[in-house]
Amino acid sequence: MQALSAPEPIRRVADRLSDRLASRLGSQIESGALRPGERLPTEQQLATEHGVSRTVVREAVHQLKSRALVVSRQGSGVFVAQAPLNQPLAFDPAVLGSVQAVVHVVEVRRVLEGEIAALAAERATRSQIAALRRALKAIDTAVAAGQDGVAEDLAFHRVIGEATGNPQFRLLLGFLEQYLREGMRITRGNEARRTDFMQAVQLEHRAMVEAIAARDPDRARRCATEHILSGERRLVEGGVIAGRRQAAPKSRTSKP
């Protein structure tokens with residue numbers, strides 16, 4: 001089998017060999033090439049076969065275990081698991097293979113954030129609104145200290161999810177964070193280069209908080225959606241991603 005070659009660097013986005021190996025083995029399991037109950041080759045055999053280190057193999061197998069695709073049996077090795085009735089949520093690791101692919105995850109976030117903010121405006125408690133204001137201040141403090149503010153930004157959106165009163169949103173946002181973190185680093189790195197970008201982000205965050213505090217779900221939805229869209233526009237303006245192609249207008253032909 002062809003060895004996994006070292007990936008080329010792609011604009012600040014990690015493309016780890018372990019992700020690629022996990023994706024390859026996962027595809028073999030899902031296609032039936034590796035059947036339930038079948039024992040995986042040993043760690044050394046996989047390392048040799050795919051041209052990677054044993055550390056890479058261990059990380060890849062760990063990913064497969066977290067997706068419930070394989071199970072370990074003490075003293076016997078790693079085996080393909082029986083297909084579960086309910087599949088766990090997972091994204092293809094290739095989603096982090098380029099900046100443009102990261103934007104695809106941001107689009108998923110855009111669909112969610114508006115409705116999450118609207119629900120938060122309807123349900124947030126006074127203590128949760130206070131927590132939102134503290135989270136907002138934490139972002140400003142981190143940026144003023146010369147940090148990227150990514151962890152604080154993620155925490156801010158997590159508090160909005162918690163303010164919905166629906167624990168499933170907290171779990172869903174927690175899952176997305178592993179994919180959003182790199183995209184947010186790119187976004188905030190781009191915004192940090194321009195004062196007007198940073199000021200716009202601060203205003204957008206504050207507008208979301210004020211809409212939630214005012215118990216205005218429609219305004220909260222608009223502010224959250226516009227925040228995500230504006231972030232994408234800033235990436236285009238900063239030259240990080242290409243602009244979206246606009247559909248060509250339909251020409252009108254006059255009837256004779």
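Colleague: Where in the chain is Thr 164 found?

Modeller: Thr 164 is in the loop between helix H6 (150–162) and helix H7 (167–191); helices are DSSP runs of H or I with at least four residues, strands are runs of E with at least two, and both are numbered from the N terminus. The model is a predicted one, in which local features need pLDDT of at least 70 and side-chain atom pairs count only at pLDDT 80 or more, while totals for chains, interfaces and linings use all residues. Residues are numbered from 1 along each chain as its sequence is written, and side-chain values use heavy atoms, with hydrogens and water left out.

Colleague: Why is Thr 164 called buried?

Modeller: Buried means under 20% relative accessible area, exposed means over 50%, and partly exposed lies in between (1.4 Å probe, protein chains only). Thr 164 has 0% relative accessibility, and therefore counts as buried. Beyond its neighbours within four places in sequence, Thr 164 is in contact (heavy atoms within 4.5 Å) with Ile 116, Leu 119, Ala 120, Arg 123 and Phe 169.

Colleague: Which backbone atom lies 3.1 Å from a polar atom of the Thr 164 side chain?

Modeller: That atom is the backbone nitrogen of Asn 166.

Colleague: How do you know whether Glu 43 is buried or partly exposed?

Modeller: Glu 43, which is found in helix H2, has 25% relative accessibility and therefore counts as partly exposed.

Colleague: What joins the side chains of Glu 43 and Arg 54?

Modeller: A polar contact of 2.9 Å joins them. The term requires a pair of N or O atoms within 3.5 Å; within protein, one must be able to donate a hydrogen and the other to accept it, and residues adjacent in sequence count only if both atoms are side-chain atoms. Apart from neighbours within four places in sequence, Glu 43 is in contact with Arg 54, Val 57 and Arg 58. Glu 43 and Gly 77 are 34 residues apart in sequence, with their C-alpha atoms 9.2 Å apart.

Colleague: Which residues are closest to the centre of the second largest pocket?

Modeller: The second largest pocket has a volume of about 200 Å³. Of its 13 lining residues, the closest to the centre are Pro 41, Thr 42, Glu 43, Val 61 and Val 78. A pocket is, on a 1 Å grid over the protein atoms alone, an open set of points for a 1.4 Å probe with protein on both sides within 12 Å along at least five of seven lines, and lining residues have an atom within 4 Å of a point.

Colleague: Which elements supply at least two residues each of that lining?

Modeller: They are helix H2 (43–50), helix H3 (54–66) and strand S2 (77–80). H3 gives the largest share, four residues.

Colleague: What makes the backbone of Arg 215 worth a remark?

Modeller: Arg 215 has a positive phi of about 60° although it is not a glycine. Arg 215 is placed in the loop between helix H8 (195–213) and helix H9 (217–237). Its relative accessible area is 38%, so Arg 215 is partly exposed.

Colleague: Why does Gly 231 count as buried?

Modeller: Gly 231, in helix H9, has 8% relative accessibility and therefore counts as buried. Gly 231 and Val 201 are 30 residues apart in sequence and 8.0 Å apart in space, C-alpha to C-alpha.

Colleague: What share of the residues in the chain is buried?

Modeller: Buried residues make up 41% of the 256 residues. The chain has nine helices and two strands.

Technical notes. Points joined across faces, edges and corners; volume = space filled by probe spheres on them.
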